[in-house]
Amino acid sequence: MPANVYMKSFNLGSGSYVKLADVSTVMNMTIIAGSKNSGSVNVRFRGGTPVSWPPGAAAMFEGVDITEFEVQGAAGHLLLVVGYTR
């Protein structure tokens, strides 16, 4: 089964939430907070309650539309999204 690889890094710090993508894409993905972040990043799904992810935290999601995820962090905080389309 063919799949397209998706990899995107985020350098956070604007204070606003940022969508992981602007175009609807259903995929299996892993979100990883930078291990050298000075604090936690906030991750929320469908505009819900944000969850605080400490440096180095990672989670895998299967069959999700990545446009439904938003992230927020302080200046210099990094986040990586790696996955493949279904």
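Colleague: What makes Arg44 count as a charge lying over the face of Tyr17?

Modeller: In this predicted model, Arg44 lies at 3.7 Å from the ring centre of Tyr17, and the definition asks for CZ of Arg within 6 Å of the ring centre and within 35 degrees of the ring normal. Arg44 is therefore described as lying over the face of Tyr17.

Colleague: How do you know that Arg44 also forms a salt bridge with Glu70?

Modeller: The closest N and O atoms of Arg44 and Glu70 are 2.7 Å apart, and a salt bridge needs a side-chain nitrogen of Lys or Arg within 4 Å of a carboxyl oxygen of Asp or Glu, so the pair meets that condition. Arg44 lies in strand β4 and Glu70 in strand β7, which means that the pair ties together parts that are 26 residues apart in sequence.

Colleague: Why is the meeting of the side chains of Glu70 and Arg44 called a polar contact as well?

Modeller: The side chains of Glu70 and Arg44 make this contact at 2.7 Å, and the cut-off for a pair of N or O atoms is within 3.5 Å, where one atom must be able to donate a hydrogen and the other to accept it.

Colleague: How many salt bridges does a search of the whole structure find, and what makes Arg46 and Glu68 one of them?

Modeller: The search finds two salt bridges. The side chains of Arg46 and Glu68 meet at 3.3 Å, N to O, and because the limit is within 4 Å, this pair qualifies. Arg46 lies in the loop between β4 and β5 and Glu68 in the loop between β6 and β7, so the pair ties together parts that are 22 residues apart in sequence. Arg46 is exposed, with a relative accessible area of 61%, because exposed means over 50%, whereas Glu68, at 25%, is partly exposed.

Colleague: Why is the pair of Phe45 and Phe69 called tilted?

Modeller: A search of the whole structure finds two aromatic pairs. In the pair of Phe45 and Phe69, the ring centres are 4.9 Å apart and the planes are at 55 degrees. Centres must lie within 6.5 Å, and planes under 30 degrees apart count as stacked, over 60 as edge-to-face and the rest as tilted, so this pair is tilted. Phe45 lies in strand β4 and Phe69 in strand β7, so the pair ties together parts that are 24 residues apart in sequence. Phe45, Phe61 and Phe69 form one aromatic cluster.

Colleague: Are Phe45 and Phe69 buried, partly exposed or exposed?

Modeller: Phe69 is buried, with a relative accessible area of 3%, whereas Phe45, at 34% relative accessibility, counts as partly exposed.

Colleague: What makes Gly56 partly exposed?

Modeller: Gly56 has a relative accessible area of 38%, which lies between the cut-offs of 20% and 50%, so Gly56 is partly exposed. Gly56 is placed in the loop between β5 (51-53) and β6 (58-65), and, leaving aside neighbours within four places in sequence, Gly56 is in contact with Ala33, Gly34 and Ser35.

Technical notes. Residues numbered from 1 in each chain as written. Predicted model: local features only at pLDDT ≥ 70, side-chain atom pairs only at ≥ 80, totals over all residues. Heavy atoms only, no water. Helix = DSSP H or I, 4+ residues; strand = E, 2+ residues; numbered from the N terminus. Buried < 20%, exposed > 50% of the residue type's maximum accessible area, 1.4 Å probe, protein only. Contact = heavy atoms within 4.5 Å. Phe/Tyr/Trp six-rings, centres within 6.5 Å; stacked < 30°, edge-to-face > 60°.
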